[in-house]
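Okay, thanks for coming, everyone.

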Amino acid sequence: MEVIRSWIHRPFQITDASCVGEARRYCARAVQDWDWSEVDAGRLSLVVTELGTNLLRHAVQGELWIAIKNAALEVEIIALDKGPGIADVQRAIQDGVSTGSGSPGTGLGAIRRLANDFSIHSSGAGTLCLARVRPAAQGPLAPPRLGAVSLAAPGETVCGDAWAVAFDGDKVSLVVADGLGHGPHAAVAANAALDVFASNPFASLQALLNDAHAGLQATRGAALLVLQMDDTSGLQYAGAGNVMGRVISGVSDKSLMTQHGTVGVQVRRPDVASIEVPAHAVTVVHSDGIASRWKADSLVPLLQRDPALIAAALLWQHTRGRDDATVVVVKQGE
């Protein structure tokens with residue numbers, strides 16, 4: 001069984017060249033104790049510089065979101081903008097095709113070659129580009145089933161949202177917690193929910209919620225959604241508060257509705273609901289930092305892509321911009 005706990009993305013608004021340098025130095029400091037080789041550290045530096053330089057030269061409202069994944073010794077960089085899009089993506093990602101003169105590499109082709117994982121989506125609403133860098137010695141990994149993006153509320157250094165996912169064969173258990181308010185006290189509540197979950201992630205949903213309610217009573221409390229699914233029995237879920245879920249595919253869109261209340265403060269006896277999961281669907285769970293009335297159609301072109309790209313697109317397009325914001329996306333096993 002594998003349990004993965006939440007990481008946080010730090011946003012960098014790319015308004016001038018110094019912002020690119022700040023993002024590059026942030027990554028360099030993060031990996032300096034990871035015993036990376038100079039070659040791997042250099043690859044990371046080039047990927048961040050190329051993505052940031054592209055935003056600076058070609059983007060509108062460009063940002064880099066960077067997650068330092070200590071457990072995996074991995075850095076995830078997501079570049080987002082609201083520019084005109086790339087007219088010919090397939091040509092742009094060919095090695096040797098530069099996105100502009102004077103950059104240290106050769107544009108998106110260099111990023112695709114240097115990064116361990118690479119994915120891009122571009123439309124008239126802008127471009128999203130995802131790159132992950134790990135030590136080359138780790139070798140290739142299986143296509144990810146999990147993607148997540150969390151951003152702290154503006155002005156905060158910690159995120160009051162937290163999430164965790166457990167994988168055990170074809171079984172998946174997921175929790176997303178949104179601590180009441182934002183800032184350090186909200187983070188304490190959200191992470192207390194993760195501690196309960198991590199102790200026994202495949203316990204019954206009733207037991208998980210009851211234990212979380214008891215475990216959060218010394219905190220300000222949290223909204224919570226927990227779900228479990230596998231390839232044979234579909235999806236079961238329960239929770240309280242305004243953490244929301246959707247199961248979407250190209251032909252269906254099902255919402256996961258939970259009861260009112262705050263775990264750790266006041267909550268009724270847990271109600272467990274279940275739904276069938278269509279083939280090739282993705283499960284999306286998000287905190288109320290995301291506007292609830294988003295249209296699934298906007299994500300359909302991304303359903304076969306890296307789940308982190310789906311999570312980033314939803315947050316980028318529908319964040320409220322004034323609270324912690326989290327999106328977690330889980331794909332079915334192939």
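Housekeeping before that. This is a predicted model, so local features need pLDDT of at least 70 and side-chain atom pairs count only at pLDDT 80 or more, while totals for chains, interfaces and linings use all residues. Residues are numbered from 1 along each chain as its sequence is written, and side-chain values use heavy atoms, with hydrogens and water left out.

Rolling a probe the size of a water molecule over the atoms shows where empty space is left. We work on a 1 Å grid over the protein atoms alone: a cavity is a set of points where a 1.4 Å probe fits but cannot get out, and a pocket is an open set with protein on both sides within 12 Å along at least five of seven lines. Lining residues have an atom within 4 Å of a point. Points are joined across faces, edges and corners, and a volume is the space filled by probe spheres set on them.

The largest cavity holds about 60 Å³, and its lining is Val175, Ala193, Val196, Phe197, Leu208, Leu209, Ala212, Leu224 and Val226. The elements giving two or more residues to that lining are α5 (184-199), α6 (205-215) and β10 (222-230). Those labels are DSSP runs numbered from the N terminus, with helices being H or I of at least four residues and strands being E of at least two. By class, the cavity lining is nine nonpolar, no polar and no charged. For the classes, Ala, Val, Leu, Ile, Met, Phe, Trp, Tyr, Cys and Pro count as nonpolar, Asp, Glu, Lys and Arg as charged, and the others, Gly among them, as polar.

Leu224 counts as buried because its relative accessibility is 4%; buried is under 20%, exposed is over 50%, and partly exposed is in between, with a 1.4 Å probe and protein chains only. Contact means heavy atoms within 4.5 Å, and leaving out residues up to four places away in sequence, Leu224 touches several others, including Val175, Ala193, Leu209 and Ala212. Leu224 also touches Ala238, which is 14 residues along in sequence and 8.4 Å away, C-alpha to C-alpha.

Now α5. The helix has 16 residues and reaches 23 Å from first C-alpha to last, close to the 22 Å expected at 1.5 Å a residue; that expected span is 1.5 Å times one less than the number of residues. Its buried residues include Ala193, Val196 and Phe197, and the buried set packs against β1, β8, β9, α6 and β10.

On β9 (residues 171-179), have a look at Ser173. Is Ser173 buried or exposed? Buried, with a relative accessible area of 0%. Among the residues Ser173 touches are Phe197, Phe202 and Leu227.

On to the pockets. The largest has a volume of about 800 Å³ and is lined by 27 residues, with Glu2, Ile4, Glu74, Leu141 and Pro144 nearest its centre. β1 gives the largest share of that lining, four residues.

Elements giving two or more residues are β2 (9-13), β3, β8 (161-168), α5 and α7 (307-318). β2 gives the most, four residues, and the classes come out as 15 nonpolar, eight polar and six charged.

Last stop, α7. This helix is mostly covered, with 10 of its 12 residues buried. Its end C-alpha atoms are 17 Å apart, which agrees with the 16 Å its residues should span. At its start, a side-chain oxygen of Asp306 comes within 2.9 Å of the backbone nitrogen of Ala308, a polar contact, that is, a pair of N or O atoms within 3.5 Å where, within protein, one must be able to donate a hydrogen and the other to accept it, and residues adjacent in sequence count only if both atoms are side-chain atoms.

That's my tour; over to you.
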